[in-house]
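Hi,

Here is the structure I promised to pass on to you.

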Amino acid sequence: MDLNITVNGEPWALDVAPADVLLDVLREQAAVKSPKIGCERGDCGSCTIIMDSRTVRSCLVLAIEADGHEITTVEGLSFDGLSQLQNLFLANNSFQCGFCAPGIVLAATELLERTPNPSRHDVQEALAGNLCRCTGYEPIIEAVLAAGDGGAS
Amino acid sequence: MTTTYPFEAESPSEDLTTVGTPAVRIDGIDKISGAAQFVDDIDFGPGLLYAAVVESPHAYARILSIDTTEAEAADGVVRIATGKDFPYKFGMYMEDRYIFAQDYVRFVGEQVAAVIARSHREAVRAAKLVKVEYEVLAPLLDPKAAVADGADLIHPELGNYTHVPWFFPEADTNIAHWRKIRKGDTEKAFSEADFVLEDTYHVPRYAHCAIEPHVTVSRLDHAGRLTVWTASQSPHTQRHLFAEALAPLGFTHKDVRVITPYVGGGFGGKAGVSMEIIGAAMATLVKGRPIKLRWTREQEFYNTYQRQGVVAELKVGVMNDGTITAVEHKLYWDAGAYVEYGANVVNAAGLSATGPYRVPNITNDSLCVYTNLPPGGPYRGFGYSEFHFGLESHMDRIAEAIGMDAVEFRKKNAIVEGDELAYGAHMNPSGMLEAIEKTADAINWGVEEQSDNPNTVIGKGMALFWKAPAMPPNASSASFLKFNEDGSINITVSGMELGQGYLTVMAQIASEVLAVPVDKIRVETPDTDRNPYEWQTVASHVTWSSGLAVEKAAVEARSKIFDVIHQVYGFEDDSLYLEDEAVKCKTDPTFSKPLSDFVIEGIQTDDGTWRGGPIIASGKFMPEFTNANSDPATGQGGHPNVHYTVGATGVVLEVDKQTGRIWVRKAALAVDAGRAINPDLVKGQITGGLVQGLATVLFEDMRFDEGGKMMNPTFTDYKIPTAFDIPDEIIPIIVEVPQPDGPFGARGVGEHTMIAAAPVIGNAVYNALGVRITSMPITQEKVAMSYLAKITFESNQEE
Amino acid sequence: MVISHEFDYRRPSSLDEAIGALAEFPGSARILAGGTDLVAWLRDDAVAPDLVVDIKNVPGLGDIVLDGTTLSIGSLVTFTDLIESEVIEEHAPLLSEMAETVASTGIRNRATMVGNICSAVPSCDAGPVLLAYDTTVHLAGPGGERLVDINDWFIGLRETAMTEDEVVTRVTIELRSHGGVYVKLMRYAGEDLAQAAVGIVAYPDLDYRVAFGAVAPTPFRSTRIENALRGSVLDEALVAEAVELVDGEISPITDMRASAEYRARMTEVMLDRGLWAAVGRLSGTGPDYGERVI
């Protein structure tokens, strides 16, 4: 079937089977690698992408469902330079192995767009669907909170 | 008597510029921009083939037949392999494993065959068409059953297996290794003790749950060279095991290349070799084409290493003044179907199962028992978390019984520098007493806190930890170092960046010696063709071992730099120093020669000729004071462990009496890092390790059915913490009592931070509710029902 | 793992087209809305449809509207839509409280409340809450519109009153002033399926609705407990009486997630704390919606 999607501002015309999953199509045919394969059940969040301004678990979306939609991944966010949030993650040494990082960056980006000054609870809620085994979350939460109060901390 | 350290690391001046600072990770930008490449992210072009495995549904069975005819005829299938194609044994410390099951399957999920096809979908479909017939046998699912008289032998050939000389299998049993410590006279000591406490603790199996699943791409090129891209903690050890396993096909080490990019979490699960051998072997069947084998999350749970379960029988004797006089610790390890790596966990625990205490009379037995469950293997803590649960729970109970404060009891008995260890060697310098005091302070130990909520109670707990790296006595690290035209540096090592910050720490060490800023130092991920040897990135040893190798390489580079300057300008070496990327001279303050001027090109002299050229260096480190000579009957006489890292953990928790829900309000953890080369990264290990440790005691709950099948191989039902499931406050405390032979005094901390989490919760729950739980996990349900049973019992007593 | 089963996919742009597609594949078509259940089932080989009908382009299914006392929630309304809706926040915050307990943001941005009661797993979060409200399910099929009272919706284990040729278009709730609570037992604070659940609505005229989830093959209302409570002001004796009845009403199982005993014991605790919270919220003195009572 014909699949027309925009990925980080770039249009792609692809041919997919109905049973092809969006995560696999993005990684294998649309030149993005930041959404990761972690569990393929929507439990770990490492496949997170932004579809039309909302985070979704791309392992639970059939590729063909994305026809006509806009997809943003961390590669797109980073294209014109790092966001303030990304710089805070960097300065705070928030990530360790980095496998969960793209999903978390997107989830935190979505949060800050909707709630510019989130509380600790808001941050935990926004990130609760992204599993991280390395960090214990604390340095990640700190950076998002710092991004929230305008980076004042 | 103290241990002498034959290699004294470069003694730091206290004016350190990089070491000791929270430098920004050099791989940080890769990871937050999406640039970081993991194995599954590498493109191999349209020629990439995919493999899918056929797994045993039985925990123990004889393979009667494998029929691949229908599968071979399926769309897209290129090749199918079974055990007959690779009848070779291999293993890390003992050769008891196969590439594919041979004649018998020994755990549910064990690979029996594999299909290579042109697409992932076709491989998965074809794998379902392979027909295997089994004669199902009764599995042994717990270690006590497996050591009982008359139990079926899971490995009847155990007596013939090749193994390292410091393992002691019992032929014609299911005991693959038995580490014994016999010191003093425990029988006499128990009879003379004022108080003796005996009990059994149960710790189940656990899963690593790195977010990146195991994945491997293997290719045998047309020249016969095998390259394997893996998410591995151990590229050189993997190459060694691949070469060993495939030796019958004519491979030696030069024919095998292992490349490892970033790894998305290891925690021990990506050490040694587990599923990667399947990919490496399959590649030999399809010359010229790369083959990808990627584990699903379910396979990640049941067909990679698991943390062994253990039944711990513990007996401790003390005097009324609190002195520990005797420890008898018997550990029955549920080690799984193959113990080639896991047997060393059993060994390591056996050597140190007294815990961080001074104990004159010891009878420890650590038994590695075969069971029909997934292979046990290395997991962060390497046996220490498993036995600390019982040990540190036990110590609290004893303190209470003799009327002594639990912290005072521990301080009285804590092992200190010079004390004799269980196997005869001596304890290294360590800040245990400082760690205990600072942790106790941080949680306001001794001050009872009241809850505002009528449904909840507040409790506090403390527990100590220690661990030494569990390695063969000749585990080594090496490093190459080179400069570039702009004065930047490339360092090649084969330690792995698993997330712990290893690359950054190596850069900081080199930066300190060579006065080049950290962000001008690249540390390259391993390629066994180009990067020099590293045993494995395990055991929390690479900061120490690889750090020494990098430090030596940097020192060598520095001396070569000074040599060139001396040659051209005449300054004596000891008058030169490095600062701000330049060579400077103490006796001539006007002299400043930027490194970028000459580290490739050399220096031109007055007569127009040049001196110097590319500055390159190397360093290696292998401890020369360790040996595995311990007596099989007593464990005495060897020096198996390089040194211990120690620390303490304390928690304040709030528990809902009705629901059993636990909130960890405050968790403090002090670890003696010797020297925190990067305090941020040490804090990262404290926070991450603590949360992982708390997860094992509060949430993770692995279940097997009566057939030995894992019932919850998903994150839906095997719960690892989310951002909501962490302590309200974590207080990281870094203690620094230098390790004399460590780089700038550093020793490892990566595993240690999770070790005391389980007993500290057990102790705090007891403090809050008066309920002592001696099995893990201590879930909401277990707490609620135990407390309910207690108050029901008490109210029945009253009636 | 990939989805190894092959199927056709259609994305109709009208309700009639959707119904027509279902009719072409009787018994072997599946409706796709959020997909967070269906795509996982496809991967697990738990379902093997010949046709997947994606209804996300069908107009008119995504609205939240309050018309007088009737709250209408379209079948494409996601859990995130419920959480962000001002109408819900003002008139039925219980729905938002329930929605916040479902999985995580990335799931809630896709998963629909109607999909939740169509999948009808015993622990479906929307079940107890919609049962505690006066809810009607609206379906469209070849014969036109059909209404099903929520009390007739869950007919068996993962079985609903919907037939294979129908599409749910919306649910409606008859609202009046109330206090409510959704109490969900989870294994930890992060995302989890309900291990036991209680949905309660308390009305000012001393009418109570009590529904349970994850403690029987389907979510269900306990009219017995409701009758014991009805007409009385809540006090400790009354709550104890209601709690006493729980054991006879529920039939929890022991599985790898929890034991029957723990589920039963917790359901009692949840009913107790839940009743106080619901009645407290009615009078404006209870905990904020979203604050967990267990």
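Let me begin with the overall build of chain B. A compact globule of 799 residues would have a radius of gyration near 28 Å, and chain B has 27 Å, which agrees. Please keep in mind that this is a predicted model, so every value here is computed from it.

Along its principal axes, the C-alpha atoms of chain B fill a box of roughly 105 × 70 × 55 Å. Of the 799 residues in chain B, 61% are buried. Among the contacts in chain B with a separation of 6 or more, 80% link residues 24 or more positions apart. As for secondary structure, chain B has 17 helices and 30 strands.

The other thing I looked at is a helix pair in chain C. Helix H10 (residues 236–249) of chain C packs against helix H11 (residues 260–282) of chain C, with the axes 9 Å apart and at an angle of about 150°. Angles over 145 degrees count as roughly antiparallel, and H10(C) and H11(C) are therefore roughly antiparallel to each other. The crossing of H10(C) past H11(C) is right-handed.

If you want to find the contact on screen, H10(C) brings Val239(C), Ala242(C), Val243(C), Val246(C) and Asp247(C) to it, while H11(C) supplies Ala264(C), Thr267(C), Glu268(C), Leu271(C), Asp272(C) and Leu275(C). By type, the residues in this contact of H10(C) with H11(C) are 7 nonpolar, 1 polar and 3 charged.

Best wishes

How values were computed:
Residues are numbered from 1 along each chain as its sequence is written. Chains are lettered from A and ligands numbered from 1 in the order in which they are written. This is a predicted model: local features need pLDDT of at least 70, side-chain atom pairs count only at pLDDT 80 or more; totals for chains, interfaces and linings use all residues. Helices (H or I, at least four residues) and strands (E, at least two) are DSSP runs, numbered from the N terminus. The radius of gyration is taken over C-alpha atoms; the globule rule is 2.2 Å times the number of residues to the power 0.38. A residue is buried if 20 or more other C-beta atoms lie within 10 Å of its own, exposed if 12 or fewer, and partly exposed in between; C-beta atoms are placed from the backbone. Two residues are in contact if their C-beta atoms, placed from the backbone, lie within 7 Å. Axes are lines fitted to C-alpha atoms, for helices over the stretch in contact, and angles run from 0 to 180 degrees between N-to-C directions. Angles under 35 degrees count as roughly parallel, over 145 as roughly antiparallel, 65 to 115 as roughly perpendicular and the rest as oblique. A crossing is left-handed if the near helix is turned anticlockwise from the far one by less than a right angle, and right-handed if clockwise. Ala, Val, Leu, Ile, Met, Phe, Trp, Tyr, Cys and Pro count as nonpolar, Asp, Glu, Lys and Arg as charged, and the others, Gly among them, as polar.
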